[in-house]
Amino acid sequence: MPEAEARRNRVFLVVVDDSAERAVALKYACLRAKKSGGRVALLRVLEPAGQTEWAGVGALLAQERREQAEQLLSGLAAQVNEITGGVPLLIIREGDPREELLKLLAEEKTISILVLAAAPGNGGPGPLIAALTGRYATRMRVPMTIVPAGLSAEELDRVT
Amino acid sequence: MQVYLPIAEMSVDAFLLVGIGFGVGWLSGLFGVGGGFLLTPALLLLGIPAPVAVASGANQVLGASTSGMIAQSRRGNVDWVMGAVLVAGGLVGSVIGIQLFAFLRGAGLVDAVVSIFYVVVLGSVGSLMMMESLRAIMRRRAEAPARLHQHFWMHGLPFKIRFRKSRLFISVIPPLLVGAGIGLLSAIMGVGGGFMLVPAMIYLLGIPTAVVIGTSLFQVVCVTSAVTIMSAWQLGSVDIVLTLLLLGGGVAGAQFGAQMGGRLRGEETRALLGLLVLSVAAMLFWGLIDTPERVFNMGPG
């Protein structure tokens with residue numbers, strides 16, 4: 001495969017959770033994709049509906065979670081499109097965030113790099129980074145980039 | 001090992017009580033329910049007086065729901081404004097329930113009325129649950145029934161409030177009434193009422209499912225604590241020995257059940273839950289129509 005094509009086809013995966021620092025990871029991935037080629041993929045992991053007394057309630061719960069996730073991802077996709085000019089891959093899974101991420105990395109050979117942002121403050125970098133750099137490091141299949149949360153727009157621009 | 005229960009005024013095997021606590025805790029962890037509807041009838045069958053059985057049931061639900069509520073509120077899934085309105089209604093309902101309970105006890109009718117409530121409420125809830133899950137098993141997947149999106153009479157009521165988290169602008173009267181109904185059931189049956197509260201919140205009030213579980217748990221925690229405190233205060237029916245024995249078994253059972261429940265999900269579990277609800281109703285129904293050993297009962301006073 002020629003180098004230019006390989007560059008175009010590589011995928012930066014961003015995990016869309018509810019943290020404030022996901023914006024930094026997304027921005028970094030977009031800038032990298034734009035400047036050096038590649039696409040952005042967004043993964044949103046839904047919490048499973050769990051046991052509810054009524055089947056109808058459980059089904060409605062799952063449906064509303066899915067709709068919310070789709071709304072969120074399409075909003076972020078517009079942002080990605082604005083920066084990179086391309087359309088991101090949108091992936092919705094259901095289950096435990098860490099397990100689903102590792103499963104996706106094992107299944108999807110097109111993903112070339114995982115982009116995560118560290119949480120600010122003294123509380124540690126966040127559960128995903130802590131797990132993937134610690135106990136679960138051996139299960140990683142692609143390199144991982146950890147973006148510090150405090151980077152400003154100019155600094156992000158400089159490092160990408 | 002017999003222990004004397006000071007408030008219930010009877011001797012019961014301590015291991016039996018711990019066992020009941022464990023069993024109820026296990027089932028409530030497994031099915032994700034409070035368990036009041038199992039504990040109260042189980043205590044009634046043991047011959048524990050209805051006021052004590054109901055107070056213990058409410059207390060059990062309180063224990064089972066508190067940790068769930070804390071977890072939900074940490075994730076921001078509780079609508080506190082909606083919760084406060086539901087609780088206000090729930091307090092009114094439970095005060096009425098406790099007064100009714102005190103009156104019925106004076107009239108010597110309390111056991112019969114508690115049983116009738118159980119048969120009617122659990123009978124209908126259990127049948128609906130069975131029908132729903134059987135239909136879903138046959139179709140292999142549950143369909144989400146449509147919400148009531150159109151405006152109906154409820155939306156013309158006054159005293160509208162904005163519930164920001166639920167994205168609603170509705171009158172406080174319907175949530176007050178829903179809360180009061182559940183509070184009444186809580187005081188008379190010793191249950192949390194999540195069975196009826198959750199569907200009412202979703203289909204009647206139109207609250208998004210994401211905040212329903214947390215908000216309903218908040219209501220259940222507040223109302224069952226009110227019921228427990230009022231039972232102790234007005235009826236003098238909270239038996240500390242009984243409560244401690246049940247709690248000890250209950251905590252262990254709930255852990256065990258929740259672990260198993262993680263692996264055992266879906267329609268079959270729900271059908272089992274419906275079956276369980278129905279059999280409790282049937283057992284109490286049998287108790288109502290069966291000729292008692294002692295045909296005449298002595299009322300207090």
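**Note on the predicted two-chain model**

1. Fold of chain A. Six helices and five strands make up the secondary structure of chain A.

2. Dimensions of chain A. Chain A has a radius of gyration of 16 Å. A compact globule of 160 residues would come out near 15 Å, so the two values agree. Along the principal axes, the C-alpha atoms fill a box of roughly 55 × 35 × 30 Å.

3. Burial and contacts in chain A. Of the 160 residues in chain A, 31% are buried. Take the contacts between residues at least 6 apart in sequence: 76% of them join residues at least 24 apart.

4. The largest core. Which residues have the most contacts inside the largest nonpolar core? They are B:Tyr118, B:Leu122, B:Met189, B:Met201 and B:Val277. This core has 95 residues. Helix H8 of chain B, residues 209–235, gives the most to it, with 12 residues.

5. B:Val277 in detail. Set aside the neighbours within four places in sequence. B:Val277 is then in contact with B:Phe37, B:Leu122, B:Val125, B:Gly126 and B:Met129. One of these partners, B:Leu122, is also listed with B:Val277 among the residues with the most contacts inside the largest core.

6. A second core. A separate nonpolar core has 28 residues. Among them are A:Leu43, A:Val45, A:Leu76 and A:Leu116.

7. Helix packing in chain B. Helix H6 of chain B spans residues 173–189. Its axis and that of H8(B) come within 10 Å. They cross at roughly 45 degrees. Angles from 65 to 115 degrees count as roughly perpendicular and those under 35 as roughly parallel, so H6(B) and H8(B) are oblique to each other. The crossing is right-handed. On the H6(B) side, the contact is made by B:Gly179, B:Ile182, B:Gly183, B:Ser186 and B:Ala187. H8(B) brings B:Gln219, B:Val223, B:Thr224 and B:Val227.

8. Where the chains meet. How many residues does each chain put into the contact? Chain B gives 25 residues and chain A gives 13. On the chain B side, at least two residues each come from helix H5 (110–139), helix H7 (194–204), H8 and helix H10 (267–289). H7(B) has the largest share of that side, with five residues.

How values were computed
Residues are numbered from 1 along each chain as its sequence is written. Chains are lettered from A and ligands numbered from 1 in the order in which they are written. This is a predicted model: local features need pLDDT of at least 70, side-chain atom pairs count only at pLDDT 80 or more; totals for chains, interfaces and linings use all residues. Helices (H or I, at least four residues) and strands (E, at least two) are DSSP runs, numbered from the N terminus. The radius of gyration is taken over C-alpha atoms; the globule rule is 2.2 Å times the number of residues to the power 0.38. A residue is buried if 20 or more other C-beta atoms lie within 10 Å of its own, exposed if 12 or fewer, and partly exposed in between; C-beta atoms are placed from the backbone. Two residues are in contact if their C-beta atoms, placed from the backbone, lie within 7 Å. A nonpolar core is a set of buried Ala, Val, Leu, Ile, Met, Phe, Trp, Tyr and Cys residues joined through C-beta atoms within 7 Å. Axes are lines fitted to C-alpha atoms, for helices over the stretch in contact, and angles run from 0 to 180 degrees between N-to-C directions. Angles under 35 degrees count as roughly parallel, over 145 as roughly antiparallel, 65 to 115 as roughly perpendicular and the rest as oblique. A crossing is left-handed if the near helix is turned anticlockwise from the far one by less than a right angle, and right-handed if clockwise.
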